[in-house]
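Dear colleague,

I am passing on the structure below, together with some notes on what turned up when I went through it. Please read the notes beside the coordinates.

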Amino acid sequence: MYKQVIYETWLEWVPYVAFGITAAVFITFVIRAVSLRKEKADSLARIPLDD
Amino acid sequence: MIIDFTHTPMTTTASKQTIEFNDKVVRQFMWASIIWGIVGMLVGVLVASQLNFHQLNLTSWLSFGRLRPLHTNAVIFAFVGNMMFAGVYYSTQRLCKARMGSDLLSKIHFWGWQLIIVSAAVTLPLGFTRGQEYAELIWPINIAVALIWVVFAVNFFWTLVKRNEPSLYVALWFYIATIITVAMLYIVNHISIPTSWTHSYTIFAGVQNALVQWWYGHNAVAFFLTTPILGIMYYFLPKAVERPVYSYRLSIVHFWSLVFIYIWAGPHHLLNTSLPKWLQLLGMFFSLMLWAPSWGGMLNGLLTLRGAWDKLRTDPVVKFFIAAVTFYGMSTFEGPLLSIRAVNALSHYSDWTIGHVHSGALGWNGLMAAGLFYWLTPRLYGTKLHSIPMANFHFWISIFGILLYVAAMWVSGIMQGLMLNSTNVEGTALTYPNFIETLTAIRPMMAFRIIGGTMYLVGMILMLWNLWATARSGKALNETREVTVIQRDSIDNMGVKATFLSDPVTYMLGGLFLLIGWFFLPKGADITALVCALIFAVIAVRKVAFSHQKWSHWYERLLENWMPFTLLTFVAVALGGLIQIIPTVMVNRAKNMEDRIQQVYTPLELAGRDIYVSEGCYNCHSQMIRTMLPDVLRYGEYSRMGESIYDYPFQWGSKRTGPDLAREGGKYPHSWHYNHMMEPRSTSVGSNMPAYPHLFTDKFDQKTLPRKIAVMVQLGVPYPVMNAVEIKETAIKQGIEIVNTLKNDKIEASPDTKIVALIAYLQKLGKFDTPAVENKTQNAPAAPQLIPGPSNPDKNRRATGAE
């Protein structure tokens with residue numbers, strides 16, 4: 001399944017993979033966070049204070 | 001198996017109900033945390049003092065190598081662990097508007113955890129250890145930890161099931177991530193085969209073991225010392241300043257990016273070692289990218305104080321919280337910095353790392369704990385804090401203590417790192433060839449550390465007194481509250497299909513899957529995977545634009561469904577570990593090693609190795625010569641992957657209070673080791689190493705040797721066939737050879753003593769075979785350079801094809 005454990009060309013591709021994966025996660029959840037309705041966000045934020 | 005998350009409606013009528021929270025368990029965990037914290041820090045001050053005053057290594061069970069794991073385990077699992085449980089139990093009940101799932105499980109959790117701590121406090125000084133940092137506890141205790149953790153998880157999730165608040169607040173997300181990730185990490189890293197009731201061998205060896213261990217070790221910091229405390233921050237900081245968290249939206253990005261990225265960063269503990277470079281680079285990049293979520297969380301905490309900054313002057317709770325969050329920011333800035341390979345070449349194995357972890361542990365964890373306990377105690381006992389000035393004094397003595405400690409360790413680490421790495425202009429000789437020169441230079445800084453640590457400990461004792469007086473002035477009470485019982489069919493009704501076959505998950509996982517394809521697929525196919533990933537991303541963006549409401553609705557539903565939320569969190573945390581570990585575990589076999597295979601330990605050497613592990617030698621000595629010129633000049637050729645392939649557990653270490661031992665074998669005669677272990681200063685003037693007189697009288701364990709060899713064979717170590725008698729005879733025969741050599745130097749010893757076994761082991765370090773060139777290795781490069789250039793070590797370390 002896996003051909004190598006050491007890749008000689010690691011410098012050429014690992015940074016892009018790391019960046020790509022992180023960017024995908026960040027963008028997805030930024031979109032998600034921004035699209036949350038303000039009223040909903042405010043009500044969720046107040047949960048600890050509703051004593 | 002199909003899991004149905006849909007719950008049968010319990011009631012459809014909204015009604016009011018008065019509930020009494022279980023605050024007794026919160027009080028129990030709080031007191032346990034404070035008391036164990038003081039014990040753990042007292043041991044910390046003792047071990048710090050032992051490094052300056054070797055005479056304080058009074059007996060075998062009070063020696064540095066055995067006490068240092070006790071200190072780290074006590075502070076992590078006893079102090080922070082109990083504090084975390086106190087915070088989780090208090091806040092979960094309030095956030096769910098429900099009493100904990102089961103009082104019995106709460107009790108089992110509390111007493112079980114304390115029993116585990118006591119077991120650790122007994123076994124570690126006795127030298128019973130697995131020999132891996134923060135994973136030292138022996139296998140019966142490992143099983144107890146796993147069981148008690150399951151009890152905690154069941155109790156927690158049971159509370160979520162019976163909650164009367166539809167939405168899961170952000171603090172609960174962090175608790176969920178903690179529970180499932182710690183379970184995953186702990187179980188995988190502790191898989192072992194027992195050889196007796198007090199000893200086992202991990203199933204991973206060498207580089208595999210290193211990778212799995214630091215996947216666990218790094219994420220113990222992430223998911224035991226960080227995520228639960230962030231959950232506590234998100235609940236208690238708004239309570240303390242009486243205003244909601246600065247940005248709930250930011251908390252969403254904070255949570256998901258943190259849990260996803262953190263898990264990839266483990267390899268930064270193994271930079272410049274024989275770990276494959278692509279893994280090192282992944283560890284470095286993901287560590288750097290952790291800056292974003294970490295600082296997002298820190299700013300969210302600090303800005304929660306908006307409009308209430310005056311509280312910072314008057315309220316000790318707010319002081320502790322804000323200082324803690326500031327230390328979180330500082331240590332999460334420093335962590336990525338230390339993960340840069342060039343910086344790590346200086347900092348690794350030095351006191352800089354010790355300073356870094358203490359700014360996190362004392363600053364972030366310790367000050368959060370203090371703020372939490374000062375806030376909780378008056379409420380748990382229905383009274384006021386006994387003394388605000390004393391709390392303020394605690395704050396300032398802690399701050400000065402931390403700063404003194406951390407600054408001393410920074411100076412010490414950077415100074416020793418620079419001295420150890422310094423060479424002449426040509427790069428052919430070391431400026432400070434004697435390791436002890438560098439140790440002597442940092443001794444004053446090590447003394448300042450003792451003062452800083454003691455100041456922090458005094459603050460903890462003052463807190464205990466203050467809170468004890470507070471408790472005595474009030475009465476233990478459980479809060480009662482009237483809550484609206486919610487309709488059960490309105491929450492936790494999201495099925496598997498709605499969770500996983502939804503657009504957000506499909507596109508996210510599909511995109512990641514294709515990126516992983518780009519990662520591992522052969523040339524040609526990898527580009528195809530990348531192109532597909534980009535096409536996928538474009539489609540996803542278009543889908544978001546057209547189905548914006550649908551995507552929002554899906555996430556809002558997810559926040560009201562604990563099981564799908566938990567499963568998605570598990571996917572997020574499992575992915576990084578799987579991608580890093582599976583290739584290494586599958587490929588790291590003897591037949592795939594490029595040029596060197598470790599020689600198998602003889603029975604006596606194996607017994608000696610177990611003594612080395614038991615005495616905790618790895619706490620001060622590494623066995624890993626990094627791919628760096630100064631390391632090679634000082635210790636010999638850099639270590640290859642194949643040279644620790646039979647090391648169960650690996651002993652690469654993470655701190656060099658003494659020199660590296662990877663090529664110690666044959667460097668000195670037997671008599672040197674004999675005298676050195678009897679009195680280190682007789683051979684190494686200025687050494688701070690403890691003497692080990694008990695090794696000269698204690699016998700090594702012959703009884704379990706056959707079982708140990710059998711387990712080694714089971715793990716794939718190519719031992720020749722030997723029965724129990726032959727194993728013991730072989731060991732004693734080698735012992736007699738060593739004893740005879742010692743006689744030449746007028747030293748009398750018995751062949752069955754621990755010192756003889758330890759000498760046998762030390763003399764084996766660095767011994768390897770050069771395997772015959774097989775077809776698949778014929779294209780491998782020629783013999784490696786003796787002194788590699790720092791930039792091109794991989795050119796000499798290419799592994800060959802695996803099956």
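For chain B the mean pLDDT is 89, and 93% of its residues reach 70 or more. Over residues 1-12 of chain B, however, the pLDDT is below 50, although this stretch has 23 contacts in the model beyond near neighbours in sequence. The pLDDT is likewise below 50 over residues 773-803 of chain B, a stretch with 50 such contacts. Where pLDDT is low, the predicted coordinates should not be read in detail, and I would treat those contacts with that caution.

Returning to α24(B), its buried residues are His670(B), His673(B), Tyr674(B), His676(B) and Met677(B). Because they cover an arc of only 170° around the axis, they lie on the same side of α24(B). What covers these buried residues includes α25 (680-683), α27 and α28 (754-764) of chain B.

Some backbone details in the loops of chain B may also interest you. The peptide bond from Tyr648(B) to Pro649(B) is cis, with omega near -5°, and Pro649(B) lies in the loop between α23 (629-635) and α24 of chain B. Asn272(B) sits in the loop between α8 (248-262) and α9 (277-289) of chain B, and it counts as buried because it has 21 C-beta neighbours inside 10 Å, where the cut-off is 20 or more. Lys746(B), in the loop between α27 and α28 of chain B, is by contrast exposed, with 7 other C-beta atoms within 10 Å.

As for chain A, it has 2 helices and 0 strands, and buried residues make up 35% of its 51 residues.

Note on methods: Residues are numbered from 1 along each chain as its sequence is written. Chains are lettered from A and ligands numbered from 1 in the order in which they are written. This is a predicted model: local features need pLDDT of at least 70, side-chain atom pairs count only at pLDDT 80 or more; totals for chains, interfaces and linings use all residues. pLDDT is the predictor's confidence in each residue, from 0 to 100. Two residues are in contact if their C-beta atoms, placed from the backbone, lie within 7 Å. A residue is buried if 20 or more other C-beta atoms lie within 10 Å of its own, exposed if 12 or fewer, and partly exposed in between; C-beta atoms are placed from the backbone. Helices (H or I, at least four residues) and strands (E, at least two) are DSSP runs, numbered from the N terminus. The arc is that of the directions from the helix axis to the C-beta atoms.
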